[in-house]
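Subject: Structure handover

Hello,

Here is the structure I promised you. Please open it beside this email and follow along.

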Amino acid sequence: MRRARVLDVILSLAILLGLLPNIWCADEDGRGRSSGSAVSPLVTSLIYNQISNFTSVFNKDISRHLGFCIKDVDADWNGAFNFSNNLDFVTKCVREIKGDVMQRLCTAAEIKFYFNSFFERGSSNAHFLRPNRNCNLTHWVPGCESGWSSCVPPNVKVDLRNSKDMPTRTNDSRPCCEGFFCPQGITCMIPCPLGSYCPRAKLNKTTGICDPYHYQLPPGKVNHTCGGADIWADVTSSSEIFCSAGSYCPTTTEEVPCSSGHYCQMGSTGEQLCFQLSTCNPKTATQNMHAYGLMFIGVLSIMLLVIYNFSDQVISTRYKRLAKSREAAARSARETAQARERWKSAKDGAKKGAFSLQQLSRTFSRKTTNKRSEQLKFPSSFKPGTDNSPLPHVPMKPSAAPKAKSNEPSNLTKMLNSLEDNPDSNQGFNLEIGDKHIKKQMPKAKQLHTKSQIFKYAYGQLEKEKAMEEKNKNLTFSGIISMATDDDIRTRPPIEVAFKDLTLTLRRKKKHLLRCVSGKIMPGRISAVMGPSGAGKTTFLSALAGKVTGCSMSGLILINGKSESIHSYKKIIGFVPQDDVVHGNLTVEENLRFSARCRLAADLPKADKVLVVERVIESLGLQGVRDSLVGTVEQRGISGGQRKRVNVGLEMVMEPSLLILDEPTSGLDSSSSNLLLRALRREALEGVNICMVVHQPSYALFKMFDDLILLAKGGLTVYHGSVKNVEQYFGGLGIHVPDRVNPPDHFIDILEGLVKTGSNVTIEQLPVRWMLHNSYPVPPDMMHYCDEIAQSSSGKTLSTEGATEQWQDVKFNVDIHRDHLELNFLKSHDLSNRVTPGVLRQFRYFIGRVTKQRLREARMQAADYLILLLAGAALGTLAKVNDETFGALGYTYTVIAISLLCKIAALRSFSLDKIHYWRESASGMSTLAYFLSKDTIDHFNTLVKPLVYLSMFYFLSNPRSTFTDNYLVLLCLVYCVTGMAYVFAILFEPGPAQLWCVLLPVVLTLIANQDKDSEIAKLLGNFCYPKWALEAFVIANAGRYSGVWLITRCGSLMQSGYDIGNWNSCLLCLIFTGILCRLVAYVCVLTFQKK
C-alpha cells in the first residue's frame, strides 16, 4: 500500500529531525542551553553537517518506500531541507526559547503519529489528529493548540530515535518558533521545508483568525496568543505556508517580492531571470513568452517554406534541364535522320548519273577520267551551294592534298564520307570518322551515363524506327534496339492462354457469371471481347488474370499448354483496369517512368528504360502533356482521354508478354482509339498476347482486331474466332448484317434483344449452336435447345459427343481441384524469367515518388499545421498548467487533440492510395518498399507536428518542465497514433476510419483516468496509450517541483498511480506501440486485398 510506504518514509524523516536537537544542545548536560550568540556559528555548522550525512543513512529506505515520487534522494532532500545558506531562523529560535530546542522537537514516534493521521484521514482532515498521550479529552495543554509547542520535563531524557513511544511533553508551552510548524494535537515542532514561509502569526481582530494561517485562538484562554505555522500538507488542503506566487523565500522566515525583469513561481526560494524578449512585471509569477512563441512559429514557417520552395525549385529546374536536353536530342536525331535521307537520295542520284556517263568516260585519258569521276559523284540536276541542293556546299577535294593544316578535310567532309561508307550509322554527325569498324564500336546503352547521351540514344533509335516503318510497314515500333544492331527483331517470351469449359459461379447466389467458355488467346494477336451488358466480359478477363474473388471457378486454364498458375507470370503480365487508376498528383512522364523502373528487368540499362518510356509516350500521343499533372478530383489535369491512355501506358512500359485491357477505348474518340489500337498492334508484332474488352468499336477499329470473343448474357460464348470469319459464321445461321451497319453493333443488338435475328434461330439457341459447331459439351439444362435446332444427323452425333466430353469433365474437375490445392498451399514459382529490382531499389523509387506527392500536397500539409497551431493556442490559453495537479488537465486535452488531429491526417497516407496499391502489388511491385516509403516520408510530419503544437501550447501555458521534455513526449505520441491510423486506414473505408480515429482517443483517455482503486480499471488503464503519454507529461512536470512541494508531489502521483521513474518506460511503451501498429498495418496490407 502506498500509504504504508509513505508512513515508513515519514518515520525516516522523524529520525532525521530527531538528530537535530542532539546537535543543537551544545552543553554537556544535554539540556540544550546556549551560552550566547558566540555559539551560533558552531551550532549552524554542526546542524548542516548532520543534515547532509542523514541521506546516506536512510537512502535505501526512502528509495524503497517513496521511489514512486522521489527519484534522486539526495537532490530532493537538499531541495527541501538544505539550510546551509542561511540558518538564522535556528539561531533565533535558540535564543527565543533559551536553548531548549532539543526538548521541543518532535521525536520519530510523534512525526509518525502526525503523518499517519494525515494520510489515514486524508488531506481534508489534516487539521484533526487522533487523541494521544499528550493531547486528549482529559488532558489538553496549551501546547496542543495550533502553532504552539511544549517541552519535556527537566529530568526526562528524550530518545529522538525512538519511533514507538511518544514522550510526555506538557511543560513550558510556548508559541512555535518562526521557520517551524506545530500541528494541532501534538506538542512538538517540525522545521518548515525550503520554499515555505513560516512567520509568526498575527491575530486579525476583525475575523479572529491568526493570519496568514487559518486557525483561531482557543476560547476562554485570555493569555493564549497566535503562534507559528500549524501544518505542512499538500497545496490543495493547506497552502498557507507555501511561498506565494510573485514572491520568493530565501529562508523559511523571509518573503521578498519579485523584482522587475524576474519571475517567481509559487514555492520559489529565489527569483528567476526572465528571458530577453519576454516581459516580466514586478511580482509576476510567470514570464510572458508569447514573443518566443511567435518567433518560433515564424522560424518554423520560414524553414518549411524554404524546404518546400527549394525542393520545388530543384524539381522544376531539373525538369527544365531534362526538357532542354530532351528537345536538343530530339532535334539532333531529326536533323541526323533528314541528313541521312538527303544523302541517300543524293548518292542514288549520283550512281544513276555515273552509270549513264560511263561510256563517255572511256574516250578520255586516264587523268581526265579520274577528274571526271570525282565530279560525277553529284547528279547533274544538283548544284552544290544552291538552295535546291539537298546537301550543303562541300569544296572539292584536290588530288594531291598539301600538308598545310588549312587544307585538311573538314569535319563536315568527314561526316559525309562516313555517311557514304555507312548510311545506317547510329550516331550520324556525332561519329568519329575514319574507323572501318565504326558500327561495332558504336556506344552501347550500358556505356551511356549522362542525360544528354541517353536522350540522344533514345531519340536516335526512334527516328531510325520511323524510317524503317516507312520502308517496311511490318516492322515493329518497339523493336528499336534490335534494328539498331542489325539483329533479328526482338520478341518477348510468348504466353498462350487456353481455357476449357471455364465456369464462374457466385458462391452465395449460385448464379453463373461465366459458363462453358472454351477457346484460347494466342501471342501476336489482338483478341476483342464483346457482348451486351451483363455478359461477363470483365469477369472473363479477371478470370484469365487470376483476379476473381468470391466465386467458385471450374474448368481448366492452361498457360503455354501447362496447368500453371497465372500468378507465376505476373511480372510479364499487364492488366489495365476499367477505371483509370493513375496517380493524379504526378505528371504523365513520372507515372510511366516509375512503372518502368519498378517492373522492367533490373539489369536493363537505364538508357533502354528511357527508350521504352519515350517509345510509349510517342506511340500514345502524349508528347504534349508529358510534363502535366494527371489531375485529381480537386485539381484539374489532363483530359479524360489522355488519362485513359496513361492508364494503358502504365502497362505498356513494362513490356508485357500478355496484356489484358478492360474497356481501354471507353471515353476515347475515334482518332484516339485508332491511335491506341495502332500502338497495341505494334506491341502484338513483337509477340504480345493482347486481349481487351471493347464497347461498340467503329468498323475501322473492328477490322484492326485479329480475333473476336462474343459473349451472350449469362457468360455463354456465341462466337470465338477470327474477325474475318464472323460474318460468314453468322451468315450460315441466317443472320446477315444489313448494309451500312457496323457488324459488332448489329450482333450486340441481337444479343441484347433489340434487333431480331432475321431467321428461325433464337437468341437462346446461339450459344448452343456454337457449342455444337465446335463439338463442345452442352450442359444438361440446355439440351432441350438441341431439339429446336435444325434436324440434321450431325446434331445427334454432337450431342453424343457432348456426353463423352462430360465424362472427361469429371477427370478435368479432379485435376482442377488438385491444382487449386497446390496453388493455395504451395508458393507459386516465378516462370517469367525476369528479375525486377529488389526491395531496396524499389524503396528508393517509392521514396522519390512519395516525396514529390507530399510536396504537391503542400496546401493540405499547411492546413494540418494551422489546425495544430489553433489547437495549441486554445488549449494553452484555456488549460493553464495547474500546480495542484502539475498540469494534468491541460496535458489530458493535449493527448486527445494530438491523437485526433494526427490520426485523421495520417489516414491520407493509405486511404487514398488503396486502389493504386492493389494494382501495383498485383503486378509484382514490393509491398514492403511501398509501406516503408510511406512511413519514412511521414516521419517528417512526426518530427514537425510536435514543434508546431508546442510553439503555441508551451509558451502560453508555461509549464515548469522543459521544452525538450514536452517535445520528446509528443514525438513518441505522434509516432504511436500514426501507426494506429495506418491500421484504420487499411482495414476500414475512409468514413469508418475517421470515426474510429475520433472515438478511440476519447474512450481510451476516459479509461486511463478512471478510479485507480478498481483493479479492473487499473489493469485496463495500463494498456491504454493515453495513460503512458499523460504519465510522461505529468512526471516531467512534477520532477521540477521540489522543497515545499514534496508532499504535494507524492500525494498527487500516489493518487494518479504514476511513478516518477517511469518516464523512459512510458516513452518506450509509446514507441513500441507505434512499431507494433505498423507491423499489424503491414500484415493487413498483405492480407486484406480488394474484395
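The chain has 34 helices and 20 strands. Helices (H or I, at least four residues) and strands (E, at least two) are DSSP runs, numbered from the N terminus. This is a predicted model: local features need pLDDT of at least 70, side-chain atom pairs count only at pLDDT 80 or more, and totals for chains, interfaces and linings use all residues. Residues are numbered from 1 along each chain as its sequence is written, and side-chain values use heavy atoms, with hydrogens and water left out.

The whole chain

Of the 1091 residues in the chain, 51% are buried. Buried means under 20% relative accessible area, exposed means over 50%, and partly exposed lies in between (1.4 Å probe, protein chains only). Now the contacts, where contact means heavy atoms within 4.5 Å. Take those in the chain with a separation of 6 or more: residues 24 or more positions apart account for 72% of them.

Look at helix α23 (residues 839-855) and helix α28 (residues 927-957). They pack at an angle of about 45 degrees, and their axes are 8 Å apart. Axes are lines fitted to C-alpha atoms, for helices over the stretch in contact, and angles run from 0 to 180 degrees between N-to-C directions. α23 and α28 are therefore oblique to each other. The cut-offs: angles under 35 degrees count as roughly parallel, over 145 as roughly antiparallel, 65 to 115 as roughly perpendicular, and the rest as oblique.

Which residues meet? On the α23 side they include F843, F846, I847 and V850, and on the α28 side they include L928, Y930, L932 and I937. The residues of this contact of α23 with α28 divide into 10 nonpolar, five polar and four charged. Ala, Val, Leu, Ile, Met, Phe, Trp, Tyr, Cys and Pro count as nonpolar, Asp, Glu, Lys and Arg as charged, and the others, Gly among them, as polar.

Further along α28

L300 is in helix α6 (residues 290-356). L300 is buried, with a relative accessible area of 10%. Leaving aside residues up to four places away in sequence, L300 touches V944, L947 and V948. L300 and S951 are 651 residues apart in sequence, yet 9.1 Å apart in space, C-alpha to C-alpha.

Helix α29 (residues 963-987) has 25 residues and should span 36 Å at 1.5 Å a residue; its end C-alpha atoms are 36 Å apart, which agrees. The expected span is 1.5 Å times one less than the number of residues. In α29, 22 of the 25 residues are buried, so this helix is largely enclosed by the rest of the structure.

Helix α13 (residues 588-599) has 12 residues and reaches 17 Å from its first C-alpha to its last, close to the 16 Å expected. Here 11 of the 12 residues are buried, so α13 is also largely enclosed by the rest of the structure. Among the buried ones are L592, R593 and F594.

Most residues other than glycine have a negative phi, and most peptide bonds are trans. Three places to check:

- The peptide bond from D211 to P212 is cis, with omega near 5 degrees. P212 is in the loop between β6 (209-211) and β7 (215-216).
- E655 is not a glycine, but has a positive phi of about 50 degrees. E655 is buried, with a relative accessible area of 8%.
- N958 is not a glycine either, and has a positive phi of about 55 degrees. N958 lies in the loop between α28 and α29.

Best wishes
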